[in-house]
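Hi everyone, thanks for making time. Let me put the structure up on the screen, and then I'll walk you through a few spots in it.

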Amino acid sequence: MKTHHITLLPGDGVGPEVTDAARLVLTAVSDVYDHDLRMRVKLVGGIAIDETGDPLPQETLDACLESDAVFLGAVGGPKWDGGERRPEEGLLGLRKAMGLYANLRPVAVSPQAAAQSPLKLDIVRGVDLLIVRELTGGAYFGEKTRNADRATDLCAYSTGEIERVARVAFHAARERRGHVTSIDKANVLETSRLWRETVTRVGKTEFPDVEVEHVLVDAAAMRLIQKPRAFDVVLTENMFGDILSDEASMLAGSIGMLASASLGDDGPGLFEPIHGSAPDIAGRDLANPIGAILSAAMLLQYGLGMVDEAEAVRRAVAWVLAQGQSTADIGGGESCSMFARLVVQAIRQFRLSSLHGSLMHWG
């Protein structure tokens with residue numbers, strides 16, 4: 001039996017609570033599928049600043065680089081606003097050190113989630129899209145300056161950075177419905193003009209079987225609300241992807257519903273829910289753990305190559321939601337920890353049923 005090492009980074013706010021939910025699910029998968037998943041906890045973000053003065057301690061970075069996969073809960077909070085170091089530095093530094101350049105954020109709206117969306121049911125029903133966000137370039141990593149009355153953030157991209165993330169999106173589209181929507185601001189920004197030219201060239205020369213459409217980011221933001229089913233794979237740069245994926249979370253009713261995987265060419269991936277640390281509800285067992293649990297499913301699939309196990313987790317989440325059990329943000333009454341336990345129960349029952357060669361019947 002192969003041993004898989006997973007580093008858990010609970011972080012700040014509700015991060016420890018949703019990480020506990022992911023850990024419960026991963027432990028259940030380890031047990032019922034007879035895997036050896038070894039998990040260890042390390043500091044990152046605000047809590048790391050408090051205890052070490054560094055949002056990404058060397059011990060944490062070393063552990064992540066030595067792992068097969070890394071799970072992160074959330075970082076940040078008003079406690080550290082205005083400080084010399086910010087918790088978000090830990091996350092950005094981790095992505096850079098691990099060579100993670102492609103962030104995958106699936107948005108699949110279940111019938112139960114559709115009923116909780118602030119949008120009309122006929123708009124969100126059947127939505128199934130994948131956002132591929134570039135992670136290492138753009139304004140987030142560009143040179144920054146500031147004086148008393150002026151600040152700048154350099155937005156920079158190279159053709160190589162665009163090519164590699166474009167290939168991720170095109171490969172994903174081949175496995176889905178064969179369509180990539182590349183989002184930019186090419187009518188204004190020079191980086192976006194380079195982006196559009198590069199994506200067009202990669203599509204024509206390497207993926208002629210995949211259809212490519214270019215849409216300006218403001219138009220895309222409107223279309224994401226008007227006609228979200230028109231999207232298959234959405235490819236975009238760092239800041240646009242950050243904003244649009246948060247907007248897309250409302251299609252599913254709550255930002256707590258969405259998972260993500262950050263991947264590079266080699267080494268471990270980083271898996272995390274897209275929500276923030278939500279300090280206002282931290283420690284109250286109210287957080288929605290679905291994004292974290294589905295991130296654990298992505299960790300199993302993309303990090304450890306356990307496709308069947310990942311699908312079992314997704315199936316378990318869907319089944320629990322179908323029973324009308326959910327957290328308060330999507331109209332339910334379950335706590336964070338209870339929802340995780342219900343998912344674990346479903347995983348165990350599904351596995352038992354499959355081993356007995358029959359369909360499971362629930363009373």
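**Helices, cores and a few loops**

Let's start with a pair of helices: H7 (residues 159-175) and H8 (residues 190-206) pack at an angle of about 50°, with their axes 9 Å apart. Before I go on, the housekeeping: this is a predicted model, where local features need pLDDT of at least 70 and side-chain atom pairs count only at pLDDT 80 or more, while totals for chains, interfaces and linings use all residues. Residues are numbered from 1 along each chain as its sequence is written, and side-chain values use heavy atoms, with hydrogens and water left out.

Helices here are DSSP runs of H or I with at least four residues, strands are runs of E with at least two, and both are numbered from the N terminus. Axes are lines fitted to C-alpha atoms, for helices over the stretch in contact, and angles run from 0 to 180 degrees between N-to-C directions.

So H7 is oblique to H8; under 35 degrees would be roughly parallel, over 145 roughly antiparallel, 65 to 115 roughly perpendicular, and the rest is oblique. The crossing of H7 and H8 is right-handed, meaning the near helix is turned clockwise from the far one by less than a right angle.

Who's touching whom? On the H7 side the contact includes Ile162, Val165, Ala166 and Phe170, and on the H8 side it includes Leu194, Trp195 and Val199. Contact means heavy atoms within 4.5 Å. The residues of this contact split into eight nonpolar, three polar and five charged. For that count, Ala, Val, Leu, Ile, Met, Phe, Trp, Tyr, Cys and Pro are nonpolar, Asp, Glu, Lys and Arg are charged, and the others, Gly among them, are polar.

Now a second pair. H1 (residues 15-32) and H11 (residues 290-303) pack at about 45°, axes 8 Å apart, and are therefore oblique to each other too. Their crossing is right-handed. From H1 we have Val18, Ala21, Ala22, Val25, Leu26 and Val29, and from H11 Ala292, Ile293, Ala296, Leu299 and Leu300. What does that contact divide into? There are 11 nonpolar residues, no polar and no charged.

On to the inside. In soluble globular proteins, nonpolar side chains tend to be buried together. The largest nonpolar core here has 91 residues, and Leu235, Leu251, Ile293, Leu300 and Val343 touch the most other members. By core I mean buried Ala, Val, Leu, Ile, Met, Phe, Trp, Tyr and Cys residues joined through side-chain atoms within 4.5 Å. Helix H13 (residues 336-355) gives the most to this core, with nine residues. A second, separate core of 14 residues includes Cys64, Met98, Leu135 and Leu270.

Back to H1 for a moment, where we find Thr19. Is Thr19 buried or exposed? Thr19 counts as buried, because its relative accessibility is 1%. The cut-offs are under 20% relative accessible area for buried, over 50% for exposed and partly exposed in between, with a 1.4 Å probe and protein chains only. The C-alpha atoms of Thr19 and Glu272 are 253 residues apart along the chain but separated by 9.1 Å.

Last stop, the loops. Most residues other than glycine have a negative phi. Asp34 isn't a glycine, yet has a positive phi of about 60°. Asp34 sits in the loop between H1 and strand S2 (36-41), and is exposed at 53%. Ala278, another non-glycine, has a positive phi of about 40°. Ala278 lies in the loop between strand S12 (269-273) and H11, and is partly exposed at 27%.
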